[in-house]
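Dear colleague,

I am passing a structure on to you, and my notes on it follow below. Please read them with the model open beside you.

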Amino acid sequence: MRSRFPSHRRAAPGLSMRWRVVAAMLLAALLTGWFALPALAHATLTTATPGDASVVERAPTVVTLTYDEAVGLQNGAVKVLAPDGTRVDTGEATTGDGGRSVTAPLQPGLARGTYTILWRVLSEDSHSIFGASTFSVGQPSATVAGAAVEAEAGGGDAAKRLLGVGRLLLYAGLVLLFGGLAFLVTLWPPGRAAPRVVTILRVGWVSTVVASVADLLLQGPYTAGLSLGSALDPVLLANVLETRFGVATVIRLLLLTVVAVLLRRLDRMSRPALSLGTAVLGVGVMLTVSALGHSGAGDLVVVAMAADALHLAAMSYWLGGLVLLGLVVLTRHPLEAAAMLPRWSSMAATAVCVLVVTGTFTAWRQVRQLDALVSTEYGVLLLVKLGVVAVVMGLAVFSRALVRRRLGGRVGGTVQPSAGAVTAAPALVYADGSTASTPSGGSSGPVETACSPAGVDTAGPVDTTPATDGPVTGSGLRRSVVVEAVLAAVVLGVTSALVATTPARDTYFPVFEQTVAATDALQVDITVDPARTGLNDLSFSYSADSRPVDVVKVSTRWTSEDGTYVVPAELTRAATGEYRFSGLLLPSAGTWKLAVTTQTSDIDTGTVVLAVPIR
């Protein structure tokens, strides 16, 4: 079915140029996403029983691991190795305390020596975490488990890398598929009949489906720490299908099956039906993606998932529109471009508004403290993304300026054609009977919005008299849109890396440092590192008149915020005036009360109490 409007095409650039642009976009996204992929680790082990490097007199019957959030188990989630490398756990690990604790039964009668605990669990946001610790029965001994630790630590690396590429492929598919459909629904219904548009939509569908199927197959080896050869293992696949990751991915594939039916009937559907189908299916697919990222874990999950889905939708509309503009509309349908560019300017600005609002909320939720922006990997990547987005928005402002200059000037409140603008163009008649005015037929709606990156107030008249002659779809505008699209691909790459990076709020633990008066004559510099749940190191430095001074004894008493835990610790001398304690276990977050008692002689002591925030 062909659209009923005049073509008036300009000479389209050669295919080689167009595909070079596409290749540049793909290369920019792949390189950014691949090299920015960090190690994945989102839940944190807070305590292990027996403790790391501890020596116990009696052989334990179980090993218990406690995390700061709920975790999931896969086959071989916890392994306990004897000094000779043989497994001494029963392989029947279970979870408790809402999924925050993992218990692994041990074989009875463990011999004396050093044992190694290897654990690999699944965090709430579907990322795999690996760790290791040791304990000794009776006394430490030599162990051959080091090689097993190295092998387990590198397990699943190939699957992890491919999952990163799949994530990028998924985002690209969402942009091409749902961003393209939304562009057609809101701005260019006749484009449904354009073969190149149909091809772009199909590429987006295939990309999304392939990425989702690959996710299902790769998640098993990744979470179990196995090689790619186990991707088709039915046991691993069955385990994945029982997790939130598997359920969400299967739902996404079912929704994409319905999308395939929509694409087959694309040129025969009414505009309202296409709008409803795009909205419902798009929201459903976006939510299945959001449920598996950072938004699906932590606090404010419902709000975070809604914000993330809106962020994905706005990103898809903006970037998908850029792709269709750069590869199809501006190069092959310049007359239609002249009619839709003013409205696209307004719609794109609205999408940017949504991106800014939802992105700000997400950044606050994942960062929380400004210092974390420059001191964590997540924060640095976020700043890089913001910088690239700012450049893209700057190019959008430039493109909009070109459009405003070439559309014509305001005469008596009506937009009149200028000498170089497209003229005498009739109204476009869409396939469903609706119409849209061209520039010569009057205003197509406001060019700016309150959230426009250009920040232009449109309440009053705006002088849009063109500074140069030429059609609205000149080469300068096409080049600007192409550069926007290539930089947008970089944004996709950075976004895929951000999803794989531990949020800044989980990695930023500023060291607690405070100087107080220990006695009338002494002051002490107190350091608690890293000031978080789990193991901490204490460092006290005593001085008088800026000179280090020794004391007789330094002891501390830690009391949790709710009074549940009381943890004593006595520091040992490390150097003149320096006293330290390593491995202080603080089992819960909150503001702990630290009482420091300093003994300066047989009869003289002083106690100072501090509030120490522990995350």
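This is a predicted model: local features need pLDDT of at least 70, side-chain atom pairs count only at pLDDT 80 or more; totals for chains, interfaces and linings use all residues.

V206 has its place in helix α4 (residues 195-224), where helices (H or I, at least four residues) and strands (E, at least two) are DSSP runs numbered from the N terminus. With a relative accessibility of 43%, V206 counts as partly exposed; buried means under 20% relative accessible area, exposed over 50%, and partly exposed in between (1.4 Å probe, protein chains only). Together with L169 and V210, V206 makes a nonpolar surface patch of about 220 Å².

Residues are numbered from 1 along each chain as its sequence is written, and side-chain values use heavy atoms, with hydrogens and water left out.

As for the whole chain, it has 13 helices and 22 strands, and buried residues make up 50% of its 615 residues. Its accessible surface comes to about 26800 Å², of which 61% belongs to carbon and sulfur atoms; such areas come from the Shrake-Rupley method with a 1.4 Å probe, and for residues only the protein chains shown count as cover.

The structure also holds 5 aromatic pairs, meaning rings of Phe, Tyr and Trp (its six-membered ring) with centres within 6.5 Å, where planes under 30 degrees apart count as stacked, over 60 as edge-to-face and the rest as tilted. One of them is stacked, because the rings of Y115 and F135 have their centres 5.6 Å apart and their planes at 15°. This pair links distant parts of the chain, with Y115 in strand β7 (residues 113-122) and F135 in strand β8 (residues 128-137), 20 residues apart, and both Y115 and F135 are buried. Y317 and W344 form a tilted pair, 5.8 Å centre to centre with 40° between the planes, and this pair links helix α8 (residues 301-332), which holds Y317, to helix α9 (residues 334-367), which holds W344, 27 residues apart.

How values were computed
Patches are made of residues with over 30% relative accessible area and no salt bridge: like charges are joined within 9 Å, nonpolar side chains (Val, Leu, Ile, Met, Phe, Trp, Tyr) within 5 Å. A salt bridge is a side-chain nitrogen of Lys or Arg within 4 Å of a carboxyl oxygen of Asp or Glu.
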